[in-house]
Each structure stands twice: as structure tokens, then as C-alpha cells.
Amino acid sequence: MNKMNQMRSIKIEKVTLNVGAGKDQARLEKGMLLLKAITSCTPIKTITNKRIQEWGLRPGLPVGCKLTLRKDKASQMLPRLLNAIDNRLSQRQFDVGGNVAFGIHEYIEIPGVKYDPQIGIMGLEVCITLERAGYRIKKRRMLPRKIPARHVITKQEAIDFMASRFNVKVEEV
């Protein structure tokens, strides 16, 4: 009997949806409406901390919006988001920690989402954070510890997880 260790199984910690608007406040409001329409959850505004004079940014200025989905909502939303990109990812979209990030050029490509003339045509960025059981030790308040190297999710393990769980085709660059 060759049972797999439960501590080695990979799961989705969260799915983060992000719309960058720069200093264009009209685009920011459209992005807020877009994320609300896709997920029926309320997004939050992201605020800049740095001053970049060439771009007209100053601290405290909202420059985008984001939304984090966890547990069941993330599991239900992720197949729809992957379907919008035809279940194809590039190896470059996986980082060394096993996380995945990709962009959706037009939100109308997501199944079940209709075109809204109030929003227009917009895109968004999707980030998927993967973890194993036991990752809580790096986030806990008392005695936080590093994740051992043998327990960290590698790029290849993340690729295999996405291919087996979501039927994603990973293309080499």
C-alpha cells in the first residue's frame, strides 16, 4: 500500500483578482464594478505608498482594486477563469514558489459573464496561491518559522497540480 502523505498534498490557498487603474479614477470605478459583477463580492481599493512624480502618483492615491477569494469560492471561480484562457498556461506564469499568475484580456471571455456597457471592455489579472498543510507556521503570531525546503512547493509540482486538477495544458516557452 503506497499511500500519499496528507501533508504533501497541494491545495489552493487563495485566488486574487486585480485590476490596475493608475491614476485614472474612472477606470478604477469601472474596475470595482467589474470585480463585483464577476464574483458578487465587494473589492477593495489598493493605495500607493510611493511618490512617483513622473507618473503623477503620490502616497494615499488609489491606483487599483483587488479581491481575494478563499476556500469554496476560489474552487468554484478558478475553473471559470481558466476556461477564459482556454485552459492554457505558459511555464513562465509559474514562479519558483509554485504560485501562478495570468491575465485575462477581456472579461467577457469568462463563462457566465455578460457584457456591461457601463464597464466597457476591461481586463484583469488572476493570481493563484498554492500551499500545503502546515504552511500556517510561517504566518502564525507566536513562534513563526520558515517552511522547510523539502516542504516548499516547487515549480514542477505546481505545474503537475494544475495539469491534473484543472486539466490545464502547460506550454514550454
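**Reading a salt bridge and a core**

Guide: R70 shows 45% relative accessible area and is therefore partly exposed, a class that lies between buried (under 20%) and exposed (over 50%), with a 1.4 Å probe and protein chains only. This is a predicted model in which local features need pLDDT of at least 70, side-chain atom pairs count only at pLDDT 80 or more, and totals for chains, interfaces and linings use all residues. Residues are numbered from 1 along each chain as its sequence is written, and side-chain values use heavy atoms, with hydrogens and water left out.

Visitor: With which residue does R70 form a salt bridge?

Guide: A salt bridge is a side-chain nitrogen of Lys or Arg within 4 Å of a carboxyl oxygen of Asp or Glu. Here the partner of R70 is E13, with the closest N and O atoms 3.8 Å apart. E13 sits in strand β1 and R70 in strand β3, 57 residues apart in the chain; strands (E, at least two residues) and helices (H or I, at least four) are DSSP runs numbered from the N terminus.

Visitor: Is E13 buried or exposed?

Guide: E13 is buried, at 16% relative accessible area. Both E13 and R70 belong to a network of salt bridges that also links E131 and K139.

Visitor: How many salt bridges does a search of the whole structure find?

Guide: The search finds seven. Among them is E171 with R88, at 3.0 Å between the closest N and O atoms. That pair joins strand β7 (residues 169-171) to strand β4 (residues 88-90), 83 residues apart. E171 is partly exposed at 37%, and R88 is partly exposed at 43%.

Visitor: Which residues have the most contacts inside the largest nonpolar core?

Guide: In soluble globular proteins, nonpolar side chains tend to be buried together. A nonpolar core is a set of buried Ala, Val, Leu, Ile, Met, Phe, Trp, Tyr and Cys residues joined through side-chain atoms within 4.5 Å. The largest one here has 45 residues, and F102, L124 and M162 have the most contacts inside it. Helix α2 gives the largest share, six residues.

Visitor: Leaving aside its neighbours within four places in sequence, with which residues is M162 in contact?

Guide: Contact means heavy atoms within 4.5 Å. Beyond those neighbours, M162 is in contact with L82, L89, F94, V100, I128, N167 and V168.

Visitor: How many helices and strands does the protein have?

Guide: There are three helices and seven strands, and their order along the sequence is β-α-β-β-α-β-β-β-α-β.
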